[in-house]
Amino acid sequence: MKKIFLSTLIIIVVIIAAQLSCSKVTSGRTDYLPALNPSKTDIDAGSWKTVFLTGPTEFSVAAPVAVTTPAYIAELNEIKALQKNITKEQEEKIAYWGAGGVLRWNELMRELVAKYNLPPYQKADGVYPAPSAANPFAYPLFPFANPPYAARAYAYISAAQYDALVAAWHYKKLYNRAAPYKTDVAIQAKLQPTDLPSYPSESAVLAGVTAEMMKLLFPGEIAYIQQKLEEQELTSIMAGANTRGDVEAGEALGRLVAQKITARARTDKAGAAIGTPADWAQIENAVTAKGEIAWISLDNPKRPPMLPLFGKVKPCLFDEATTVALRPLPPPSTTSEQLKKETAEILDFVTHPTRERIRIVHFWADGVGTYAPPGHWNAIAAEDFITKNFSEVRWARNMALVNMALMDAAIVCWDTKNFYSNPRPTQMNPAIKTLTGIPNFQAYISGHSTFSGAAASILGYIIPERATAYQAMALEASLSRMYGGIHYRSDCEVGLTTGQKVGSYAIARAKTDGAD
Amino acid sequence: MLLSFIQLSAQTDMDAIMMTKNNFCTGLMYNSSNWTDYWEGTLKRNNENLGTVSTKMYAVMGNYGVSDKLNLLFGIPYVQTRASAGTLHGLNGMQDLSLWVKWNPIETKFGKGTLSVYGLGGISFPTTNYVADFLPLSIGLHSTNLSLRGMVDYQVGKWFATASGTYVVRSNIKIDRNSYYTTEQHITNEVSMPDASNVQLRTGYRSGRMIAEAIINNWTTLGGFDITRNNMPFPSNKMNATTAGINIKYNIQAVDGLALIGGGSITLAGRNIGQAGSINGGVFYILDFSHKAKKTTQLAQPVKEK
């Protein structure tokens, strides 16, 4: 009896152990995707409206050599040589990038934001050091990729990718050079064959434009990005999709486009968004002068507000006057019954947290060490775009629309926050303990709600059958901030509607950019 | 951050004591652990936005003697966390049920004393859908763990030493987020939990009446990553800890089968874990289900003395 018992037990233990150790490896939802297979080439995308470029021909791309020249034949021979000795690992890289360049660069961007989304630790005297773009490797690392910084970074990268691909499509159509595997049957098409001309290479355009933009946005990651660029370019050659010449022309075009947009980014006032102690005092005084309680930092030691002048940054979809015009009406007064009621509501949420509400709070938290709320909406967008068979240029256009809406949402939201400088619920009632980290900036209006309202609106335009789902997600993201104890209902409701207004500018652009 | 859980389970599944056949020992334990300093990777720091993090634990435990050589053990704690500063909300709830089989195949004279060898197998799994990804205020890590332990005990007169080594296989966990960053971005809600090892030495005085012992314990996570500068902890961090503690078990003379236990420990070294100090106390009682009335039943009776 005892022996039966023991052996049964040993068998159970072995089975469980085997299961536990076999399941160690986790795979991501986008690790293994089929090759991008656009439902149309969007061959006329060269005529789509650019964002920052004056037009597709602002930077010229030299005509390619004829496919009958020895120079081109040498390029074809390079592909053949590469394909002959291809390794399993190289095949995996081809599959990875083959799922879509815009997708993969977007994922890499999200990864960098998560890596850099860490508030600096205070110095011995309690003063917080600011990251320095001039010395990105010294602590605190540059940048602190907080939500407004991240929103702007995603937007510039996406808009630059879009502009560069519009230009690339113009030259593709103009020069109409067929893909290597069409010119030479000995070359294998390792990805989906396409009628899209191969010169300049869209993969290399993406690699070049992104790598060049990264010099500004993530200067500590230039070496890492360069490695990714080389990987993407080599895989597009190995896949038979591009020759060395296609790639070189593409990367050069991408870098030129990025240089123009970098110049715009350098003068958009984001560099001064951190403000000075005088600016911080002025924000506070403007509010106390009206008899309101002003926001104070709930970090220990107290931290200056996060990029308080980000509201002055030059938007993508409208001008600075519109930022001010989109600023909502004031929040309930800090001395009002209304605010007292709203504070009590939040206290009730955190006093009786349900497991489902905590799930919602944490699902949407996107706080320290994450890709931030704009990154979450990028992830939502990307995972839906994967199912839509967009061409690279359409992917880029849609990502640019989403991210310009998110950046402008950040601008309007930060303008509002620092104009009204409204305290967090916990400042009004310290008994309110939060189920997620309390952000170091003002309550009104909720950033998550503004981001979500904007992103859900433009995504609902891009994929109409998902519009209702996006609105439901936005509402849940918005409510998560109340459940978490860090926002009042007013912050969330007004944030959502303000975000939707920002989103409508993206929709207006989408309707007239020539893509639909 | 989770050291106190390890310490608690250390009470009966890590000692060289067997329940007599058909005896069932059950009891309640309380453990309180606190830390103000913690290791962010290898850097020791404090955090003014947490203050002192305290974990209180109330556990029900039991040990049944299938035979003198084979025991079954269980334990289940209720855990409550709190941070004294900052705004973060503490959490509480029922944590993991652990079940152990303890087997004592060898007991032999060796030199001047008695040498005993034990083999243990344990499984623990979460009893509720508690939150793992809210460290340092999560009540646990929510993985299902399988532990395999070898243990050797040597006793001369009333003095003993016990050494044990454990390998802990940990299952992946699912968190509420659907993407997270470790040293790279993961686009999934599933987290791969590195396995862990545990080595323990305990030595001291052991008689039928009482046990007084000193314990050194090391928990090492076999893999995992360090918390980056000023970042939040994560369930798959490389959490290591070396603790030193004492433990006393006393059998009340007046009530046969009733025992009190108490102890405490400090953290000597760690990584991605709080430098916790903890104290614990408990009360245990033995129920004798054997048909023949055994007047000699005593808690914590060393096998060697039988």
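Good morning. In this predicted model, local features need pLDDT of at least 70 and side-chain atom pairs count only at pLDDT 80 or more, while totals for chains, interfaces and linings use all residues. Residues are numbered from 1 along each chain as its sequence is written, and chains are lettered from A and ligands numbered from 1 in the order in which they are written.

Let me begin with confidence. The model scores ipTM 0.94 and pTM 0.95. For single residues we use pLDDT, the predictor's confidence in each residue, from 0 to 100. Chain B has an average pLDDT of 91, and 91% of its residues score at least 70. Two stretches of chain B stay under 50. One covers residues 3-10, for which the model has 30 contacts beyond four places in sequence; two residues are in contact if their C-beta atoms, placed from the backbone, lie within 7 Å. The other covers residues 293-306, with 33 such contacts.

I turn to chain A and its domains. Chain A is divided into domain 1 (45-58 + 77-266) and domain 2 (276-512), with bounds that come from an automatic or database domain assignment. The C-alpha centres of the two domains lie 29 Å apart. Their contact takes 35 residues from domain 1 and 35 residues from domain 2. On the domain 1 side, α4 and α5 of chain A each supply at least two residues, and α5(A) gives the most, with 15 residues. Helices (H or I, at least four residues) and strands (E, at least two) are DSSP runs, numbered from the N terminus. By class, this side of domain 1 has 22 nonpolar, nine polar and four charged residues. Here Ala, Val, Leu, Ile, Met, Phe, Trp, Tyr, Cys and Pro count as nonpolar, Asp, Glu, Lys and Arg as charged, and the others, Gly among them, as polar.

A nonpolar core is a set of buried Ala, Val, Leu, Ile, Met, Phe, Trp, Tyr and Cys residues joined through C-beta atoms within 7 Å. A residue is buried if 20 or more other C-beta atoms lie within 10 Å of its own, exposed if 12 or fewer, and partly exposed in between, with C-beta atoms placed from the backbone. The largest core has 162 residues, and A:Ala405 and A:Leu406 have the most contacts inside it. Domain 1 and domain 2 of chain A both give residues to this core, so it lies between them. Leaving aside neighbours within four places in sequence, A:Leu406 touches several residues, including A:Ala151, A:Tyr154, A:Trp377 and A:Phe451. Apart from this core lies another, of 15 residues, among them B:Ala16, B:Cys25, B:Phe284 and B:Ile286. In soluble globular proteins, nonpolar side chains tend to be buried together.

Next, how do the chains meet? In the model, 37 residues of chain B are in contact with 45 residues of chain A. On the chain B side, β8 (113-126), β13 (185-186) and β14 (190-191) are the elements that give two or more residues. That side has 12 nonpolar, 18 polar and seven charged residues.

Strand β1 (residues 23-35) and strand β19 (residues 277-288) pair in the antiparallel sense over 12 bridges, and B:Asn31 has B:Asn280 as its bridge partner. On β19(B) there is also an antiparallel pairing with β18 (residues 258-271), over nine bridges, where B:Gly262 stands opposite B:Gly281. β18(B) and β19(B) form a hairpin with five residues between them, and B:Asn272 in the turn has a positive phi of about 55°.

I close with backbone details of chain A. The peptide bond from A:Tyr139 to A:Pro140 is cis, with omega near -5°, and A:Pro140 is found in the loop between α4 (101-116) and α5 (147-175). The bond from A:Tyr444 to A:Ile445 is also cis, with omega near 0°.

Is A:Ala372 buried or exposed? A:Ala372 counts as buried because it has 30 C-beta neighbours inside 10 Å. This residue is in helix α14 (residues 372-385), and its phi is near 70°, a positive value in a residue other than glycine.

Note on methods:
Two strands pair if DSSP finds at least two bridges between them.
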